[in-house]
Amino acid sequence: MKYIAPDYYESFSCIAGACGHSCCIGWEIDIDEDSFQRYRTLEGPMGDTLRSRISTDGDAPHYILTEGERCPFLQPDGLCEMILTLGEDALCQICTDHPRFRNFFSDRMELGLGLCCEAAGALILKRETPMTLSVLEDDGEPAPRDEEELALLSFRDMLFSILQDRSCTIDQRLEELAETCGGMPERPLSAWAADFLQLERLDPAWTVCLDALRTSDSFDHPVLHTPEWECALEQAGVYFLYRHIPAALEDGDVGSKAAFAVLSVRLLRGLCAVKQQSTGAVSLDDLVEFARMYSSEVEYSEENLQQVFQWLVPS
């Protein structure tokens, strides 16, 4: 079994108290069974405190959030009381993993970092060199190779090459990507914004962003076509391909997954264009923030994600 990840993967580190959008706020934090059993027998004052902050109501044990939907171990300075007291090894699995994701294949596991984390977003979107995949670990054990998986991964490599062809503009690359995978609905971003407003939304700021896009009549700006911006949008598209193309193994629909990458990049650029037009300035930090909201609201809601895929199924 091989463990594969983007070449930036091991450069990631949580920025903890410096994070402006802590993953310890606004999410119900389920506790895996191994951690729960460990917490049940933890001795000392911290063990008593920990157990008092866990609820077993519902499908899985979870932390009892405090006012403002904060994890009960999140201190005012943004640091984790559990890490400070017991060390990082004490964290439950979901806290250890976030913002990492995994996709599983017969002979490999692919790992990645989600754009819902601002530190991961900055690492991904601000890098200048094209993303490549690296082998993090190879246990040397032979594993069966599935022909369908190999074909899909080879096709994804071709999509990567299209999107990373810097001899073409990002618009040309996105258009070729869409055509290669069966095309996508021709609709203005304002119409797409109206559709996204019909999905479940958590953050009022995301609603404000979509409303601004829905009522705009311009979704681009010359500043967004500098090499710096074209590179950032390329990195976003490659991220979406890497993360979501493997889902086609379940439903056989690679077209909607590729179209999702195209739409996502166009939508993020549209949000940046609206910001430029309304304030006179836009930066890659704005792109990171828009990507963080988009990922949190769409990628991390399975219902929302599947609905967008359905909109993008090639006709």
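Predicted model: local features only at pLDDT ≥ 70, side-chain atom pairs only at ≥ 80, totals over all residues.
Rolling a probe the size of a water molecule over the atoms shows where empty space is left. In this model, the largest pocket has a volume of about 1400 Å³, and its lining is made up of 49 residues, among which Ser22, Cys23, Cys24, Cys95 and His98 lie nearest the centre of the pocket. Two or more residues of this lining are given by each of the elements α3 (81-86), α4 (93-97) and α13 (284-299). When the lining of the largest pocket is divided by class, 32 of its residues are nonpolar, whereas 8 are polar and 9 are charged.

The second largest pocket holds about 540 Å³ of space. It is lined by 19 residues, and those closest to the centre of this second pocket are Arg102, Asn103, Arg243, Ala247 and Glu302. The elements that each contribute two or more residues to the lining of the second largest pocket are β4 (100-104), α10 (227-244), α11 (248-251) and α14 (302-311), and the largest share, 5 residues, comes from strand β4. By class, the lining of the second largest pocket consists of 8 nonpolar, 3 polar and 8 charged residues.

Helix α10, which gives residues to the lining of the second largest pocket, also packs against another helix, α6 (residues 147-163). Two packed helices are described by the angle between their axes and the distance between the axes. For α6 and α10 the angle is about 170°, and the axes are 10 Å apart. Because angles over 145 degrees count as roughly antiparallel, α6 and α10 are roughly antiparallel to each other. On the side of α6 the contact is made by Arg156, Leu159, Phe160 and Leu163, while α10 takes part through Glu234, Gly237, Val238, Leu241 and Tyr242. The contact of α6 with α10 comprises 6 nonpolar residues, together with 1 polar and 2 charged residues.

Charged side chains are also paired in the model, which holds 20 salt bridges. One of these salt bridges is formed by Asp7 with Arg127, whose closest N and O atoms are 3.1 Å apart. The pair links distant parts of the chain, since Asp7 lies in the loop between β1 (2-6) and α1 (33-41), whereas Arg127 lies in the loop between α5 (118-125) and β6 (133-138), with 120 residues separating the two positions.

Technical notes
Residues numbered from 1 in each chain as written. Heavy atoms only, no water. 1 Å grid on protein atoms, 1.4 Å probe; cavity = no way out; pocket = protein on both sides within 12 Å on 5 of 7 lines; lining within 4 Å. Points joined across faces, edges and corners; volume = space filled by probe spheres on them. Helix = DSSP H or I, 4+ residues; strand = E, 2+ residues; numbered from the N terminus. Nonpolar A, V, L, I, M, F, W, Y, C, P; charged D, E, K, R; others polar. Axes fitted to C-alpha atoms, helices over the stretch in contact; angles between N-to-C directions. Parallel < 35°, antiparallel > 145°, perpendicular 65-115°, else oblique. Contact = heavy atoms within 4.5 Å. Salt bridge = Lys/Arg side-chain N within 4 Å of Asp/Glu carboxyl O.
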